[in-house]
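Subject: A structure to look through

Hello,

Please find below the structure that I promised to pass on to you. Have a look at it first, and then read on for what was found in it.

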Amino acid sequence: MVEIVFLIPFLTGIVAFFLPRTSGRVLLVLTGAAHLVLSLILWTGWPEPVFPAYFAVTPEGLLSLIVISLLFFLISIYTTAYLKKSDIRSENIFTGSMLLFLSTMTMVTLSDHIMVMWIAIEATTLASAPLIFTHRSAASLEATWKYVLVCSVGIALALLGSVLITLAMDIGGVDVPVSFSALTTAARQLDPLWLKAGFVFILVGYGTKMGLAPMHTWLPDAHGEAPSPASALLSGVLLNCAYLGIFKTHKIMVAAGLESFSGTILMVFGLMSILAAATFILKQTEYKRLLAYSSIENMGIIAFGTGIGGLGAYGAMLCLIHHSLIKSSLFLTSGNILLGFGSRLIEDTGSLVRRMPRTFVAFFCGFVGISGLPPFGIFIGEMLIIMGAFRNGHYVGAAIFILSLCVIFAGFANHALKISFEGYRTTVQMEESASMVWPQYVLLLTSLLLCFWIPDIFSRTITQAVTAGGGVF
Amino acid sequence: MIHLVDIVLSLVLLSILLSFGSSRLPVLIRVIGFQGVVVSSVPLFMGHDLSAFGIAFSLATLSIRGIIIPLSIYLAIKKVAIRQEVEPIYGHHASMLAWLGLIVAAAFISGKFNLPAINNHPLLMPTAIALLAGGMFLLMGHRNAIAMVLGYIMMENGIYLVGTTFSTSTRHIVEFGILLDVLAGVMIMAVILQNIKQQFDDVDTSLLRTLKE
């Protein structure tokens with residue numbers, strides 16, 4: 001009964017639409033807890049899917065699922081406190097959409113059929129659109145419109161790519177189920193030309209959703225306009241779901257012996273995203289958009305690492321996990337800053353260290369982590385990617401990579417220091433409730449812990465996922 | 001049977017021409033609805049799967065693509081009484097010329113592919129490509145938000161044509177899931193359209209400019 005993991009949030013999501021205000025909050029946390037328990041049970045390996053033609057438990061799926069589950073549980077606790085303080089008009093739509101969003105993202109991690117994967121990823125767009133529109137301002141309307149249109153059109157191209165892969169099956173005379181696992185096994189018999197075409201369309205399509213430049217235009221707007229808990233979900237896990245679609249197709253390419261083709265494209269898109277993020281981060285005026293561009297940067301890093309293969313692919317997987325943990329904590333922290341200062345502009349903030357000391361700790365640790373400094377996990381991931389790039393002879397790529405990371409660090413540090421310390425003399429403290437700080441602490445500590453101690457089963461699963469995606473040691 | 005399919009496909013090509021040439025939104029919506037009906041009836045004429053189940057699915061597809069989706073957009077614009085003329089950014093004459101170029105290019109490209117599965121239907125591949133490219137063209141060539149949504153639907157029609165006719169390996173249930181996603185997407189777009197209209201008193205997307213960088 002693997003499917004129950006996404007059916008439960010689906011049902012509670014629908015129920016939440018009809019509930020009065022406060023009971024929706026309780027349902028959110030309860031579903032989050034139940035989802036976390038169910039995801040942990042999936043790790044034991046005994047539940048079997050009821051529809052094995054469409055769903056399967058894969059190593060990369062398990063990794064994404066546990067990250068989604070943990071994040072959602074912590075974010076749901078934060079959300080209950082956040083909702084008390086912010087003025088969101090139709091709260092039942094917000095909580096209901098959050099739960100449906102969780103359900104669709106879980107479905108992405110578990111789907112094995114190419115088309116079901118597409119259905120699930122498109123469903124994440126639809127479930128999250130109301131979240132972005134929550135504030136009902138002109139700007140949020142624009143962000144929602146851009147998000148739905150750009151992502152729907154982008155993902156339509158991924159559908160075309162999926163169809164082209166079935167065409168590669170027909171021409172190659174392969175008669176297997178249209179699932180990622182079956183296709184990876186039979187990859188050598190697929191028609192290489194149509195498989196390549198399919199990969200390109202899938203990369204552009206899901207890459208739009210993942211936020212790879214130049215298809216990233218919706219991302220900063222959507223992340224900036226959505227309420228902070230929703231931004232944390234969008235950035236922390238939605239982008240991973242889209243990456244999963246690309247990663248699984250890349251796995252087919254690796255099995256078909258075409259990894260140099262797909263790897264090169266991934267590297268190019270990855271570097272473009274990092275460069276685009278570097279240009280926009282330097283002159284950013286809003287801190288939530290700053291974080292959004294940092295997400296584009298990290299997705300670029302992950303795509304670059306996956307494209308390199310070898311050690312880089314392992315580093316990319318580490319970056320994927322740690323980016324989710326750290327970035328979602330940062331977005332939650334940005335919610336505290338927004339509630340405290342009442343403005344999204346960086347220039348209106350300052351002296352966080354005095355005004356909100358506990359939020360400051362979460363913000364600064366998050367900044368250190370996301371910039372790729374030790375002792376957080378992104379440091380190890382980026383290090384491995386750079387080593388992998390040199391080992392595989394991608395010197396130019398590595399040079400661009402390192403240079404743009406330096407630029408991004410400089411830009412981010414400039415803004416982060418302004419937010420943290422400018423106007424240091426103020427002594428007015430702002431109110432911070434405990435449940436709006438400790439979820440971030442837990443997320444950051446998890447990232448820290450995973451650097452020093454990875455449970456055996458966890459590291460085995462990472463290795464399994466990476467090996468199938470062209471990673472070697 | 002073979003000729004029948006080609007006749008149906010030429011109707012699709014005609015609908016693309018009409019969509020490029022029409023300057024009134026209700027007409028454009030009707031054209032897209034007509035296109036939906038024709039495109040979803042192509043599998044019936046090809047005789048791939050004429051079981052009762054297959055026919056039922058085709059009819060359901062037909063009613064969603066041909067009736068429900070256009071109707072929901074029509075109702076959305078009727079409710080808010082949107083200015084009904086649309087003008088492509090580059091004008092109608094250029095659009096017509098683009099249509100011609102599109103058909104020629106599509107026919108030229110599909111001649112290169114030489115796919116055994118569709119050699120009986122020479123118009124199939126050009127039509128699919130023309131639908132995809134035409135949808136994109138409509139999407140990018142308009143500032144009117146409704147025309148953009150219609151462009152998206154046209155693209156989806158093209159992908160549907162590619163999917164159902166080229167390969168028989170996808171299952172009906174999956175196809176139906178895809179269709180439901182598209183339907184829900186269009187419904188959400190219709191809701192956003194209404195909100196844009198209420199907020200800005202028009203659906204011109206050049207009004208949406210606060211978030212530009």
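Helices (H or I, at least four residues) and strands (E, at least two) are DSSP runs, numbered from the N terminus. Please keep in mind that this is a predicted model, in which local features need pLDDT of at least 70 and side-chain atom pairs count only at pLDDT 80 or more, while totals for chains, interfaces and linings use all residues. Residues are numbered from 1 along each chain as its sequence is written, and chains are lettered from A and ligands numbered from 1 in the order in which they are written.

**Chain A as a whole**

Chain A holds 19 helices and zero strands, and its C-alpha trace spans about 70 × 55 × 45 Å along the principal axes. Two residues are in contact if their C-beta atoms lie within 7 Å, and among contacts in chain A between residues at least 6 apart in sequence, 82% join residues at least 24 apart.

**A pair of helices**

How do H13(A) and H16(A) cross? The axes of helix H13 (residues 311-341) and helix H16 (residues 377-391) of chain A come within 7 Å and cross at roughly 160°. That makes H13(A) roughly antiparallel to H16(A), since angles over 145 degrees count as roughly antiparallel, under 35 as roughly parallel, 65 to 115 as roughly perpendicular and the rest as oblique. The contact includes Leu311(A) and Ile326(A) from H13(A), and Gly377(A) and Arg391(A) from H16(A).

Most residues other than glycine have a negative phi, and most peptide bonds are trans. A cis peptide bond, with omega about 5°, joins Ala213(A) and Pro214(A), and Pro214(A) lies in the loop between helix H8 (192-210) and helix H9 (218-225) of chain A. Another cis peptide bond joins Pro374(A) and Pro375(A), with omega about 10°, and Pro375(A) sits in the loop between helix H15 (357-370) and H16 of chain A.

Arg136(A), although not a glycine, has a positive phi of about 60°; Arg136(A) belongs to the loop between helix H5 (114-132) and helix H6 (138-172) of chain A, and is partly exposed, with 13 other C-beta atoms within 10 Å. Ser351(A), also a residue other than glycine, has a positive phi near 50°; Ser351(A) is in the loop between H13 and helix H14 (352-355) of chain A, and is partly exposed, with 19 other C-beta atoms within 10 Å.

**Where the chains meet**

The contact between the chains takes 31 residues from chain A and 29 residues from chain B. On the side of chain B that touches chain A, H7(B) gives the largest share, 12 residues.

Best wishes

Conventions:
Axes are lines fitted to C-alpha atoms, for helices over the stretch in contact, and angles run from 0 to 180 degrees between N-to-C directions. A residue is buried if 20 or more other C-beta atoms lie within 10 Å of its own, exposed if 12 or fewer, and partly exposed in between; C-beta atoms are placed from the backbone.
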